[in-house]
Amino acid sequence: MYQRPKNLEHFLGVAQTLFQAKTLPDTARRLSAKVFERLEQPSDDGRRNRERFPACELLDSALAALLVDQSNLGVAARAIKTLEPSIGWQRRTSGLNGSDDYVEKHVHGIICGPGGMESRYDVQLGFSLLAPHTRYPDHQHPPEEAYVLLSAGEFRQCEGDWFDPGMGGGLHNAPNSVHAMRSGTTPLVAMWCLLV
Ligand SMILES: [Fe+2]
C-alpha cells in the first residue's frame, strides 16, 4: 500500500497554512480548504512525469532568497527543494498572447496530481515557475483555482488590469475564467491548487 513520504507530508502541512492565510481572498481559502481535505487521504497510482525541462534549472535561483527565510514561505521553499527529485514536470504549449519563448521559459511542477510525486486525479497541487520577462498565455479551465505567490509576479483575470498579490498573497480564478500571469525582472514562483 502507498505510504506518503515524510517530506511530502511536511510540505503539505506548510502549503495548507499558506493557502489558508488571511492574505488570500476568501474564495481562494474556501477552495483550498476542500483540496486539503481531499489530500488527507494519500493516493498514488505510481505514474511519473520523468522529463525535466530547461526552466527547471531556474528553481534554485527563483527560491534563493526564500531558502534562508524564517517565515512559512521559507519553510515551503525548503520543502519544495527536498521534493525536487520526485516532482513531475509539465509545460503548456497552447494559448493566446504568451511571450515568444514562453514554452522554454516556464515549467509547472506537479506535486499532487496526474504524473506528480503523488499521482492522483481528484486534486492538483503544484507550482509554476517562469523565467524573468515571461508572459504565460491566456488560458482557462473548468476547475476553479487558487494561487499563493512565493515571489513577485503579476496576474490578470479576464480583461482586468495586471496586479501583483505580493509574496504570500494569492488569488482565486473562477471556473472557466480567462487568466494569465507574467514575471518581471525576477523569476515568478506561484503555488496553485485545484479540485478536479
Ligand atoms: Fe490556470
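Burial and helix packing in a predicted model

Modeller: F127 counts as buried, at 0% relative accessibility. This is a predicted model, in which local features need pLDDT of at least 70 and side-chain atom pairs count only at pLDDT 80 or more, while totals for chains, interfaces and linings use all residues. Residues are numbered from 1 along each chain as its sequence is written, and side-chain values use heavy atoms, leaving out hydrogens and water.

Biologist: Why is F127 called buried?

Modeller: Buried means under 20% relative accessible area, with exposed over 50% and partly exposed in between (1.4 Å probe, protein chains only). F127 has 0%, so F127 counts as buried.

Biologist: What does F127 touch, not counting residues up to four places away in sequence?

Modeller: F127, in strand β3, touches residues including L59, W89, H108 and W192; contact means heavy atoms within 4.5 Å.

Biologist: How do you know that T134 is buried or exposed?

Modeller: T134 has 2% relative accessibility and therefore counts as buried. T134 lies in the loop between β3 (123-130) and β4 (145-149), and its side chain reaches the backbone oxygen of A131 at 2.9 Å.

Biologist: What makes α1 roughly antiparallel to α2?

Modeller: Helix α1 (residues 6-19) and helix α2 (residues 26-39) pack at about 160 degrees, with axes 9 Å apart. Angles over 145 degrees count as roughly antiparallel, under 35 as roughly parallel, 65 to 115 as roughly perpendicular and the rest as oblique. The angle therefore makes α1 roughly antiparallel to α2.

Biologist: Which residues of α1 and α2 make the contact?

Modeller: L12, A15, Q16 and F19 of α1 meet R29, S32, F36 and L39 of α2.

Definitions and conventions. Axes fitted to C-alpha atoms, helices over the stretch in contact; angles between N-to-C directions. Helix = DSSP H or I, 4+ residues; strand = E, 2+ residues; numbered from the N terminus. Polar contact = N/O pair within 3.5 Å; in protein donor to acceptor, adjacent residues only side chain to side chain.
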